[in-house]
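Dear colleague,

I am passing on the structure that follows, together with notes on what a look through its atoms turned up. Please read the notes with the structure open beside them.

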Amino acid sequence: MNRQDRANAVDQEMAASPLPDAAVRALGRWWSENASAHADGTPATHTIRYTPNRWAQITPWPSALAPASCGSDAGVSRAKVASAVADALRREAFREALVATYVWGKGKRGTPGGSGPATLHKILAAEGLDAALPHAVTTLSEHSAEAAYAALHRRVPGFGPSFYTKFLYFVGKTVPSATGPQPLVLDRVLAQRLRSLAQTVGRKTGHDPDGSIASWVWRNGNWSPHRYAVYLTFLHAAARQLAAGDSWPPDASPDLLEYALFTTTWQAPG
């Protein structure tokens, strides 16, 4: 087998049995601790803190966010971002939709190359952005999340998958994918979770005894459109696996699992 064949073999093994018992138990504990906050089976109340006046240079500024002149911390939930994006899409205000998702995604955190607002300012000034965003939305509505991901992949300088999957995720709340699984957020933390699972499967099956294949396909960024499709298939299958048990809400949305995986760690079996 070459490297890609081995990666495909691990993907197939993970699809057949997505979550090991250790992960199921950890996610069950997460649900028992967070059920009251997510009683509807979604992460809609998941709120990010941000400081509006740090983003004062950013336009257009969504009205759903606190005024950009505000110097104290504010919070924005997934539900509020979804509402802001829905309103922006109705007006074809694609830049506004991007700003809402980016501020939620970055919050108060900085970036290795500078502040979140500075990076967003460069993205908004990039040539091709005004064509890329509506094209991705149309592609999602007419094709699939994988195709919409491909429409944004390496198209806008500085706008990487950790943030354009957030854009696609929230767009998908209003404009569902025509085929295949609905878009979900994929970032470095979630890739690390999938890498750990893939390394466990690779060792058990002999397809990836040293974990190098998992480290290659689930690297920290720049995932291919195919890898995003694998991720979506895995999470949707894992959500169904959890729903069939007794420690997870049976009607929970797949993005609840995405959020839980982001905030939960477990010791993968050797």
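Let me begin with Tyr-102, which has its place in helix 4 (residues 94–106); helices here are DSSP runs of H or I with at least four residues, strands are DSSP runs of E with at least two, and both are numbered from the N terminus. This is a predicted model, in which local features need pLDDT of at least 70 and side-chain atom pairs count only at pLDDT 80 or more, while totals for chains, interfaces and linings use all residues. Residues are numbered from 1 along each chain as its sequence is written, and side-chain values use heavy atoms, with hydrogens and water left out.

Tyr-102 is buried, with a relative accessible area of 2%; buried means under 20% relative accessible area, exposed means over 50%, and partly exposed is in between, with a 1.4 Å probe and protein chains only. If residues up to four places away in sequence are not counted, Tyr-102 touches Trp-55, Gly-116, Thr-119, Leu-120, Ile-123 and Phe-163, where contact means heavy atoms within 4.5 Å. Of these, Phe-163 is 61 residues from Tyr-102 in sequence, yet their C-alpha atoms are 6.5 Å apart in space. The ring of Phe-163 also has the charged end of Lys-166 over it, 4.8 Å from its centre, and Arg-3 lies over the face of Trp-216 at 3.8 Å from the ring centre. A charge is taken to sit over a ring if NZ of Lys or CZ of Arg is within 6 Å of the ring centre and within 35 degrees of the ring normal.

Next, the aromatic pairs. A search of the whole structure finds 11 of them; rings of Phe, Tyr and Trp (its six-membered ring) pair if their centres lie within 6.5 Å, and planes under 30 degrees apart count as stacked, over 60 as edge-to-face and the rest as tilted. The rings of Tyr-149 and Tyr-228 are stacked, because their centres are 4.6 Å apart and their planes stand at 20°. This pair links distant parts of the chain, since Tyr-149 belongs to helix 7 (residues 145–152) and Tyr-228 to helix 11 (residues 225–243), 79 residues apart. Both Tyr-149 and Tyr-228 are buried. Tyr-228 also forms a stacked pair with Tyr-231, at 6.3 Å centre to centre and with 25° between the planes. Tyr-228 and Tyr-231 are separated by about one helical turn, because they are 3 residues apart in helix 11.

Two packed helices are described by the angle between their axes and the distance between the axes. Here the axes are lines fitted to C-alpha atoms, for helices over the stretch in contact, and angles run from 0 to 180 degrees between N-to-C directions. The axes of helix 3 and helix 4 come within 8 Å and cross at roughly 170°, which means that helix 3 is roughly antiparallel to helix 4; angles under 35 degrees count as roughly parallel, over 145 as roughly antiparallel, 65 to 115 as roughly perpendicular and the rest as oblique. The residues of this contact divide into 9 nonpolar, 1 polar and 3 charged, where Ala, Val, Leu, Ile, Met, Phe, Trp, Tyr, Cys and Pro count as nonpolar, Asp, Glu, Lys and Arg as charged, and the others, Gly among them, as polar. Helix 1 (residues 3–16) and helix 9 (residues 188–205) pack at an angle of about 100°, with their axes 9 Å apart, and so helix 1 is roughly perpendicular to helix 9. In that contact Val-10, Glu-13 and Met-14 of helix 1 meet Leu-194, Leu-197, Ala-198, Val-201, Gly-202 and Thr-205 of helix 9.

Finally, some backbone details. Most residues other than glycine have a negative phi, and most peptide bonds are trans. Glu-92, in the loop between helix 3 (78–90) and helix 4, has a positive phi of about 55° although it is not a glycine, and Glu-92 is exposed, with a relative accessible area of 59%. Arg-154, in the loop between helix 7 and helix 8 (161–174), likewise has a positive phi, near 60°, and is exposed at 64% relative accessible area. The peptide bond from Thr-59 to Pro-60 is cis, with omega near -5°, and Pro-60 is found in the loop between strand 1 and strand 2.
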